[in-house]
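Work through the exercises below with the sequence and the model side by side, and try each task before you read its solution.

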Amino acid sequence: MLPFYLFTLFVQAQIQHLPGSCSFESSTCGYTSDPNFLSWTLNKDGSFISVDPGLEDQDGAVLLGPSMEQEDWSCLRLVYQLSGSGFLQVQQRREGESFDRALWSTQTASDSWLISSIDLQNSTEPYRIAIDGRPGESKGSSVAIFEIRINPGYCLECDYEESHLCGYRNQWNTNVNWYRGGGAARDTQSNIPYVHTHNGAGHYMYVDSVHAKTFQEVAKLVSAMTTVPISGCLSFQYQRGEERGNLFSVYTRDQAGQYQELWRADPEDQSLNDWTATTLEWIPVQVDIKAPFPLQVVFEVTFNSPRGGHVALDDIAFSPEFCSAETEPTFDPSIANCDFEMGFCHYTQDQMEGSPWKRVSVKPNIYRTGDHTTGAGSFLLAHSRLSPRAGYISRLLGPPLPGNMKYCLRFHYSLRGFLQTDQALTVYLQGQSGIIQDRIWTQNDKSRGVWIATDITFQSPQAAKVVFVSTCTNFWDCGSVALDDISVSLGDCLLLSVPGHCNFEMGHCGYIQDKEDDKGDWVRVRGPTPTSYTGPKGDHTTGVGYYMHIEASNMLPGQNARLLSSPLRGSSGPQCLRFFYQMYGSGTGELSIHLRQDGKDVLLWKHTGEQSITWLKATVEYQSDQQHQVVFEAIRGSSIRSDIAIDDIVFESGPCPGICCPINVIQPLQTRIVLNCFALCNLLTHGSFYFSSTDIEVKMTHSPGNSNDIE
């Protein structure tokens, strides 16, 4: 293990630390190792806690904090070190959930102690902090934590009284930089100001121009990236000398590195800010932040000469309320979301020209695909092939989106019949005047007949509408364009890892093969399966990504393949499992879902035989009060046309939405069996329901559409 360099924090007596804080000097302060994983070890000599680097178990070690209930917003500061290689993640564990919620993670190695800042949103429900540490396989790798501090307020807030500077860092420049000033010890000849708090003995940040060498020397003080979206009022105090020799500005910086100016000091500031007058007051500033996505705040000073003066900064605060009651609330972009299951939502069509998009629901076959949302729902279709003339155009207009904001547009589309696809589907921005402003995306892929996902990051200086345009250039090069599942969010299109969600794009997400109880394997692949007339043409997530499937040509009839989830925590309430599956082929066998606990399986869901050529959505509700695993089992059918695939698995706490009945139904059989609402839905919709336990296994049958034959 590489040596640890001790990190000393200066603790002020007036700093308030909330429950869950720990310096690990003589104890772990109520933090314990999760017994289901490796253990953390307290090093009393060095006052830190670490994971033994000599173990190669990839399950890692989970450190659980005491139960907390923070009714007010708070900030967690973590002093940590990764030596060699490894992984460290801070999570939130709530009662009744099988998966922890990721708050922050890193894989950046360092030979010194580092600090992270993590916002803890206010919550009336108790929760525990779970810290997952996993040393790498390289020699000397280790994961260690020196201190955990939880303070009231937002992580953006800072009075610079603690040496960690609340996660703010100076972006190093050869000539001009931000420094921490103030304190009881002070040079009486200095023209740097006294802080206006703590009786003049407190601290602040400052930058001066004395070492500026070139024109427009820039010094930047950058906050840590917020871990949750925030919008509200940012306030701070500043002093500024020789105002005509410097420029002081405040920006936000998003995860994609894009800057947006929030505020700039007035170049005509009066010389009342002259720092040689020690009796003068600091100037307060308030500015609204309207960016509900992770960001950094950047305080930037530019000097034009060594006589550019100084800028000082102190008492940064944040409120979730906007600075002015007249400030318009942050725009909710979900108004532009639509899966077309209940209609066109807020989308309209240009009725003056062209042909309209049609909302359809089709039975999937080898010539047509079902919708992307469920496989059996509705989507929009532009039938260019039906046009008797060239220049056939279909336009779909979204709701107005405010200007000067950054958006992420996501949607799925499918093309059939086009030879050249450059105009088959195009996305534009249309201004308030109704004039097309800009083309932000053009489809340049070949016709595949599968749902393809795309995302577009765009920004408009003025209010605009998103317009989807499908064009048929001539009679001989026409086809059909399908559109589904449109969503709009603020910020850049960045894919985030969500606990309990797996689309197999980055790997297996902890799913493993059951080598003891099966004869075949689930295989992670992309594109179509090798056998004709069976299996999907592409994955469900993006159309060109990965999914899991069994290749029937490599198995014998009746052989099975079992895929096990990572261990899931038990809970007292219901859990909801959602996933997409594809069972297409004349010899398709069986797909079933089992709950595995104490070495025994309980059947939760089962489908047999060919279901559809498209991806279908499945929803399974279950309950387990102890640690368990979910098993996806596929059985090969009678022929090689028996490929079975799964994709986009999601685990969520609580009952499954959209259940068919409001109460549980008790079935009067030889043994009383309680059916939950989802089980009854399966019975009424699909004609069968399976229940099994250690003592009894029952199959109930029913003719869909006839409720009289349910006993």
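Two strands are said to pair if DSSP finds at least two bridges between them, and the strands themselves (E, at least two residues), like the helices (H or I, at least four residues), are DSSP runs numbered from the N terminus. This is a predicted model, in which local features need pLDDT of at least 70 and side-chain atom pairs count only at pLDDT 80 or more, while totals for chains, interfaces and linings use all residues. Residues are numbered from 1 along each chain as its sequence is written, and side-chain values use heavy atoms, with hydrogens and water left out.

**Exercise 1.** Describe the secondary structure of the chain and how much of the chain is buried.

*Solution.* Next take burial, where buried means under 20% relative accessible area, exposed over 50%, and partly exposed in between (1.4 Å probe, protein chains only). By this cut-off, 53% of the 711 residues are buried.

**Exercise 2.** Find the strand that holds Arg149, and state whether Arg149 is buried or exposed.

*Solution.* Arg149 lies in strand 10, which covers residues 142-152. Because its relative accessibility is 2%, Arg149 counts as buried. Its side chain also makes a polar contact (a pair of N or O atoms within 3.5 Å; within protein, one must be able to donate a hydrogen and the other to accept it, and residues adjacent in sequence count only if both atoms are side-chain atoms), and the partner is the side chain of Glu147, at 3.0 Å.

**Exercise 3.** In what order do the five strands of the open sheet stand, and which are the edge strands?

*Solution.* The order is 22-23-30-25-28, with antiparallel pairing. The edges are strand 22 (358-360) and strand 28 (452-460), each of which pairs on one side only. Strand 22 is joined to strand 23 (residues 379-383) by three bridges, and the two run antiparallel; within this pair, Arg359 has Leu380 of strand 23 as its bridge partner.

**Exercise 4.** Which strands pair with strand 37, and which residues stand opposite Arg596?

*Solution.* Strand 37 (residues 590-597) has seven of its eight residues buried. On strand 38 (residues 600-608) the antiparallel pairing runs over eight bridges, and there Arg596 stands opposite Asp601. Two residues lie between the strands of this hairpin, where Asp598 takes a positive phi near 55 degrees. Strand 37 also pairs with strand 40 (residues 629-635), again in the antiparallel sense, over seven bridges, and there Arg596 stands opposite Gln629.
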